[in-house]
Amino acid sequence: MISYILIIISAILTLLYAALILLYRKWFLQLRLFNFNPLFIPTTQFSIIIPARNEAANIGSCLQSITQQNYPQHLFEVIVIDDFSTDETSSIVEQWQQQYSNIRLMPLANEVPTEHNSYKKWAIEKAIEKANGTWIVTTDADCIANANWLHSLAQCIEEKKPVLVVAPVSFIYHPTLLGIFQYLDFLSLQGITAASVSAGIHSMCNGANLAYLKSAFYTVNGFKGINHIASGDDMLLMNKIKQHFPNSIAYLFHPNAIVLTQPVFSWKEFFNQRIRWASKADKYDDKSIFWVLVLVYLYNFMLLVLPILALVFLSWPLLICWIVCVLIKTIAELSFMRPVSRFFGSQHLKWFPWLQPLHITYTVIAGWLGKFGHYEWKGRRVV
């Protein structure tokens, strides 16, 4: 009797999950490539904000990609906020300052502390106070931007008149188990972001490639009300802006807008990163995200415990049910991932089915610890 109840529950969750993934696929296929015009003459003034903590290995490459933009130098500035680095981050930025007058270094240690549980939000907030641009662009110190990145953003802004622009991010591919897993998992998240934001459903974005009006930031009182949450400088802020400025969010769907970022290089860092992302799951006012996350968690939890229960009850029907559920999950996700991978130029989907056990396990562990555990990030322990 228990086995049949579990089978019914599993079937319901599988149908709901598959329907969700196919809905994302439908929305993604409805996206139309942004009509990039290389002859467009921009007028938008950008302040690019880069929080950096112990990023000596990456900040030089990041600044190089930004200074080589096909965009008028007088229309953008770069503000690097040194978040109490203990390496050579500041000295590297100072070297770039000597070459480019539109690069500024702002040591966070020189700023008056404000009530924050998030150093990154504090850093961004202080940089915005000193920003000269009408538009704020946030990225990370380990990111590499396409040469037409700012040109694409400006054309999108001036043609569509949004107050916030979400743009795509991709991990740099590394051919290791951890590298492949992160790459494909992040690819799926970026596909969902593109699909759902364009459909006007979820408030999803990534702070590695996000732009918003400086005035809109102040209209929604910046990070006030969310500064006690360690993460969420991107999605939680987007949620506030979306509530105040409905129908004013744009997704920039073009390869020129893709920003590349480094993955982490150890499983410990990976779980700390994903626990950090999961820690804000119940903080969204956008309940569409919350209930989707609940469904995803319950479904993966079911897939994790179902084979264990099959062994406990010596139930072949439960084991067969588990195999069918995993197959349906894999087929549904692959149908979604194929068009997403084409947009990002990825050729690594062959590994996707074999990573299902790892994906199921990590989703359950990271989701649980995101709510009830703690993590370390950039040498800081967050509870």
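Buried, in these entries, means under 20% relative accessible area. I am working from a predicted model.

**Entry 1: helix H11**

I began with Glu333, which has a relative accessible area of 7% and therefore counts as buried. Its partner is Lys329: the two side chains meet in a salt bridge, at 3.1 Å from N to O. I looked up Lys329 as well and found a relative accessible area of 1%, so Lys329 is buried too. Both residues sit in helix H11, residues 316–344. They are four residues apart there, about one turn of the helix.

**Entry 2: the other salt bridges**

I noted six salt bridges in the structure. Salt bridges with shared partners join Lys120, Asp140 and Asp233 into one network.

Next I took Lys126, which pairs with Glu129 in a salt bridge whose closest N and O atoms are 3.8 Å apart. Helix H4, residues 119–129, contains both Lys126 and Glu129. The spacing is three residues, about one turn of the helix. I checked the exposure of each partner. Lys126 is buried, at 8% relative accessible area, whereas Glu129 is partly exposed, at 45%.

Then I turned to Arg274 and Asp185, whose side chains form a salt bridge at 2.2 Å, N to O. Arg274 belongs to helix H9 (residues 267–278) and Asp185 to helix H6 (residues 177–198), so this pair ties together parts that are 89 residues apart in sequence. I found Arg274 buried, with a relative accessible area of 3%. Asp185 is also buried, with 5%.

As a reminder to myself, side chains of opposite charge can pair when their charged atoms come close.

**Entry 3: helices H2 and H3**

What angle do the axes of H2 and H3 make where they cross? I read roughly 25° for H2 (residues 59–67) and H3 (residues 89–99), with the axes coming within 10 Å. The crossing is right-handed.

I listed the residues that make the contact. H2 contributes Ile59, Gly60, Leu63, Gln64 and Thr67. From H3 come Thr89, Ile92, Val93 and Trp96. Sorted by type, the residues of this contact are five nonpolar and four polar, with no charged ones.

**Entry 4: Ser65**

I stayed in helix H2 to look up Ser65. Is Ser65 buried or exposed? Ser65 has a relative accessible area of 9% and is buried. Leaving out residues up to four places away in sequence, I found that Ser65 touches Cys143, Ile144 and Ala145.

**Entry 5: positive phi**

Most residues other than glycine have a negative phi. I therefore looked for exceptions to that rule.

Asn54 has a positive phi of about 55° and is not a glycine. I placed Asn54 in the loop between strand S1 (46–52) and H2. Its relative accessibility is 32%, so Asn54 counts as partly exposed.

Asn221 is another residue other than glycine with a positive phi, near 65°. I located Asn221 in the loop between helix H7 (214–219) and helix H8 (235–244). With a relative accessibility of 51%, Asn221 counts as exposed.

How values were computed:
Residues are numbered from 1 along each chain as its sequence is written. This is a predicted model: local features need pLDDT of at least 70, side-chain atom pairs count only at pLDDT 80 or more; totals for chains, interfaces and linings use all residues. Side-chain values use heavy atoms; hydrogens and water are left out. Axes are lines fitted to C-alpha atoms, for helices over the stretch in contact, and angles run from 0 to 180 degrees between N-to-C directions. Helices (H or I, at least four residues) and strands (E, at least two) are DSSP runs, numbered from the N terminus. A crossing is left-handed if the near helix is turned anticlockwise from the far one by less than a right angle, and right-handed if clockwise. Contact means heavy atoms within 4.5 Å. Ala, Val, Leu, Ile, Met, Phe, Trp, Tyr, Cys and Pro count as nonpolar, Asp, Glu, Lys and Arg as charged, and the others, Gly among them, as polar. A salt bridge is a side-chain nitrogen of Lys or Arg within 4 Å of a carboxyl oxygen of Asp or Glu. Buried means under 20% relative accessible area, exposed over 50%, partly exposed in between (1.4 Å probe, protein chains only).
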